[in-house]
Amino acid sequence: FAICIIGFFVIIGGAVKGITGVVDVAGAAAFATKFDTDLSSGSWQAAHNDLGGDLANSYSASKLQSKWQALVGTGTTSGLSGEIGQPRDSGNNTIIPWTITGSNGKTYNVDLYVQKLSSSADSLKIVDAKPDLNPSP
């Protein structure tokens with residue numbers, strides 16, 4: 001009987017541990033919208049805080065600013081600069097299609113990979129972006 005109880009807790013513990021990486025699709029879309037709004041409004045540090053993993057190391061707030069302004073111009077807006085598409089799950093990530101219209105009139109499609117990095121409420125992070133977080137115009 002004791003072995004059954006131990007086995008039960010091992011299975012439950014593994015299941016709870018696995019849930020950490022699962023992202024709520026609607027929450028991930030709202031998070032991507034917040035990221036777009038942060039960039040559009042010039043909240044560079046807030047946008048940087050939305051990044052995790054290698055993206056956070058590759059993009060400082062000032063690099064986000066310079067690349068974003070090169071792409072869409074130097075003006076800021078109070079709304080979205082891009083369009084958030086239909087999210088889809090992929091393993092521990094939720095992929096959010098993001099379409100950005102550059103100041104040159106061209107559109108750029110980026111897939112944002114959102115992941116829940118811990119069990120805390122503010123643990124969603126953009127951990128990857130393909131082909132690039134801020135495409136070159």
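1. Val110 has a relative accessibility of 1%, and because buried means under 20%, Val110 counts as buried. The model is a predicted one, so this value is computed from predicted coordinates.

2. Val110 sits in strand β4, which covers residues 107-116. Which residues does Val110 contact, leaving aside its neighbours within four places in sequence? They are Ile96, Pro97, Trp98, Ile100, Ala129, Lys130, Pro131, Asp132, Leu133 and Pro135. One of them, Leu133, is 23 residues from Val110 in sequence, yet their C-alpha atoms are 6.8 Å apart.

3. The largest nonpolar core has 27 residues. Within this core, Phe35, Trp98, Leu112 and Leu133 touch the most other members. Two or more core residues come from each of α2 (25-40), α3 (44-49), α5 (61-72), β3 (93-101), β4 and β5 (124-130). The most come from α2, which gives six. In soluble globular proteins, nonpolar side chains tend to be buried together.

4. Phe35, when neighbours within four places in sequence are set aside, is in contact with Ala47, Asp50, Leu51, Trp98, Leu112, Ile126 and Leu133.

5. On the chain as a whole, there are five helices and five strands. Their order from the N terminus is α-α-α-α-α-β-β-β-β-β. Of contacts between residues at least 6 apart in sequence, 50% join residues at least 24 apart.

6. The chain has 137 residues, and 34% of them are buried.

Notes:
Residues are numbered from 1 along each chain as its sequence is written. This is a predicted model: local features need pLDDT of at least 70, side-chain atom pairs count only at pLDDT 80 or more; totals for chains, interfaces and linings use all residues. Side-chain values use heavy atoms; hydrogens and water are left out. Helices (H or I, at least four residues) and strands (E, at least two) are DSSP runs, numbered from the N terminus. Buried means under 20% relative accessible area, exposed over 50%, partly exposed in between (1.4 Å probe, protein chains only). Contact means heavy atoms within 4.5 Å. A nonpolar core is a set of buried Ala, Val, Leu, Ile, Met, Phe, Trp, Tyr and Cys residues joined through side-chain atoms within 4.5 Å.
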